[in-house]
Amino acid sequence: MTGDSELGMAALHRTVERFDIRGILLSVLPLQRGHIHDTFVSTWRQEGGNKRYLHQRMNTKVFHDIPAVMHNIELVSNHLRAKVDGDPTMTSFTGLELVPTREQRSYLVAGTGPWRTYRFVEGCTSHDHCTNPDHAYEAARAFGWFQAQLADLDAAQLRETLPRFFSTPHRLQQFDDALAEDPVGRAAACLPEIRFVAARRAMGSVIEELQKQGSIPLRTVHGDTKLNNVLFDDGTGKARCIVDLDTCMPGYSLYDFGDLVRFTAATSGEDERDLGKVGTDLGLYKALVEGYLSATRQFLSPKEIELMPFAARLVTFTIGLRFLSDHLAGDVYFKVHRENHNLDRARVQFRMVERMEQRAAEMAVR
Ligand code: GN1
Ligand code: MG
């Protein structure tokens with residue numbers, strides 16, 4: 001990760017000490033997580049025992065308007081916290097809690113960039129891979145619940161921090177631009193992937209067309225429903241906390257479902273080089289369908305329910321397209337840790353799309 005090479009230990013300590021945390025700072029360690037921000041965990045000696053905190057240096061190349069990002073996070077987490085009280089199905093749920101700076105601001109502007117801090121949610125586990133249909137069901141139920149709770153949040157109060165983030169036509173445009181410019185001369189080595197995109201362009205506009213016609217409503221979504229953004233309580237096995245609210249913005253409901261399938265039902269990691277291992281586990285897929293519908297059936301329209309398998313393919317295609325565009329652009333958005341990393345990631349997503357196309361009949365939802 002970039003954080004530990006650019007930031008010395010002394011500077012890291014000075015940074016986290018600018019947050020409103022009591023006690024004696026014992027350690028700050030990097031946590032390799034996500035493709036966007038730099039993440040660290042600190043441990044403090046306090047009365048009554050050690051306490052941990054999670055710190056993130058936010059990526060200003062991706063998020064140009066940090067005040068807007070933090071505004072959304074505060075809005076959504078306050079809204080959720082109010083909802084949890086009194087919901088008997090979510091008694092063990094905890095909202096994310098920001099720790100302010102010593103000046104009581106929601107984030108810190110340091111020489112190294114903007115930083116934010118959360119209380120570490122203890123007694124929980126997050127999973128990078130799913131092997132258990134119960135986890136798939138529970139994650140999907142939690143994200144469905146999350147979206148249901150946001151239905152009465154005034155969307156006009158949320159800022160669009162990443163314009164057209166969920167739009168596949170917009171992602172196709174970014175891809176076209178990167179391909180036309182080909183700034184690092186990689187296009188010639190990506191012809192199969194470029195053809196793969198060309199053959200599927202038409203699917204890109206389906207949701208936006210339906211939105212224009214009024215058959216798919218605009219809804220506020222989580223926007224990054226990876227399994228590891230759910231913290232499972234070690235005692236009950238239930239979802240305790242949903243993290244990573246950076247992309248919580250108005251979009252289409254089934255984006256969250258599609259992204260859940262893309263990540264949670266995957267038979268491999270996002271970085272897998274052996275495409276023989278890549279696919280979608282239909283047992284996990286079915287658990288995701290059931291879990292998601294258990295929390296959303298009361299508000300999803302018949303059209304949205306019918307489009308669930310399509311959304312799984314569309315979101316997987318769209319993330320693959322974003323990885324491929326970033327590879328063509330010279331790896332300017334997602335962090336990379338090896339040569340052709342974004343190309344490998346794109347190939348994984350595209351292989352999953354093919355597998356889902358082959359099994360479309362089995363994936364239908366009624
Ligand atoms: C990024 O960094 P992380 O893992 O939270 C990306 C998501 C992608 C995901 C793919 C702001 O999320 O949209 O689905 O990578 N976040 C942003 O793994 O672009
Ligand atoms: Mg994220």
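Which residues does L254 touch, not counting residues up to four places away in sequence? L254 touches Y292, E304, L307, M308, A311 and V315, where contact means heavy atoms within 4.5 Å. This is a predicted model in which local features need pLDDT of at least 70 and side-chain atom pairs count only at pLDDT 80 or more, while totals for chains, interfaces and linings use all residues. Residues are numbered from 1 along each chain as its sequence is written, chains are lettered from A and ligands numbered from 1 in the order in which they are written, and side-chain values use heavy atoms, with hydrogens and water left out.

- L254 lies in helix α8; helices (H or I, at least four residues) and strands (E, at least two) are DSSP runs numbered from the N terminus.
- At 2% relative accessibility, L254 counts as buried, since buried means under 20% relative accessible area, exposed over 50% and partly exposed in between (1.4 Å probe, protein chains only).
- The C-alpha atoms of L254 and Y292 are separated by 10.0 Å, and the two residues are 38 residues apart along the chain.

**Magnesium site**

- The magnesium ion (ligand 2) has D224 (OD) and D244 (OD) as its protein donors, lying 1.8 to 1.9 Å from it; donors are N, O and S atoms within 2.8 Å of the metal (3.2 Å for Na, K and Ca), and water is not among the atoms, so sites may look incomplete.
- This pair links distant parts of the chain, 20 residues apart: D224 is in the loop between β7 (219–221) and β8 (230–233), and D244 is in the loop between β9 (239–242) and β10 (249–251).
- D224 counts as buried at 18% relative accessibility, whereas D244 is partly exposed, with a relative accessible area of 24%.

**Aromatic rings and charges**

- The structure holds 13 aromatic pairs; rings of Phe, Tyr and Trp (its six-membered ring) pair if their centres lie within 6.5 Å, and planes under 30 degrees apart count as stacked, over 60 as edge-to-face and the rest as tilted.
- Y333 and F334 form an edge-to-face pair, at 4.8 Å centre to centre and with 70° between the planes.
- Within this pair, Y333 counts as partly exposed at 24% relative accessibility, and F334 counts as buried at 7%.
- One aromatic cluster is formed by F165, F166, Y252 and Y255.
- The charged end of R52 sits over the ring of F120, 4.1 Å from its centre; the criterion is NZ of Lys or CZ of Arg within 6 Å of the ring centre and within 35 degrees of the ring normal.
- Likewise, the charged end of R200 sits over the ring of F196, 3.7 Å from its centre.

**Helix α5**

- Helix α5 (residues 168–181) has 14 residues and reaches 20 Å from its first C-alpha to its last, close to the 20 Å expected at 1.5 Å a residue; the expected span is 1.5 Å times one less than the number of residues.
- T168, H170, R171, L172, F175 and A178 are the buried residues of α5, and they pack against α6 (191–199), α7 (206–213) and α11 (308–329).
- S167 caps the N-terminal end of α5, with a side-chain oxygen 3.1 Å from the backbone nitrogen of H170.

- The 18 residues of helix α12 (residues 341–358) should span 26 Å at 1.5 Å a residue, which agrees with the 26 Å between its end C-alpha atoms.
- Buried residues of α12 include H341, L343, F350 and M356; the buried residues of this helix pack against α6, α8 (253–264), α11 and α13 (360–363).
- N340 lies in the loop between α11 and α12 and has a positive phi of about 60° although it is not a glycine.
- At 34% relative accessibility, N340 counts as partly exposed.

**Other positions**

- G269 is in the loop between α8 and α9 (282–296) and counts as partly exposed at 22% relative accessibility.
- G269 touches H129 and V348, not counting residues up to four places away in sequence.
- Q46 is found in strand β2 (residues 38–46) and is buried, with a relative accessible area of 9%.

Definitions and conventions:
A polar contact is a pair of N or O atoms within 3.5 Å; within protein, one must be able to donate a hydrogen and the other to accept it, and residues adjacent in sequence count only if both atoms are side-chain atoms.
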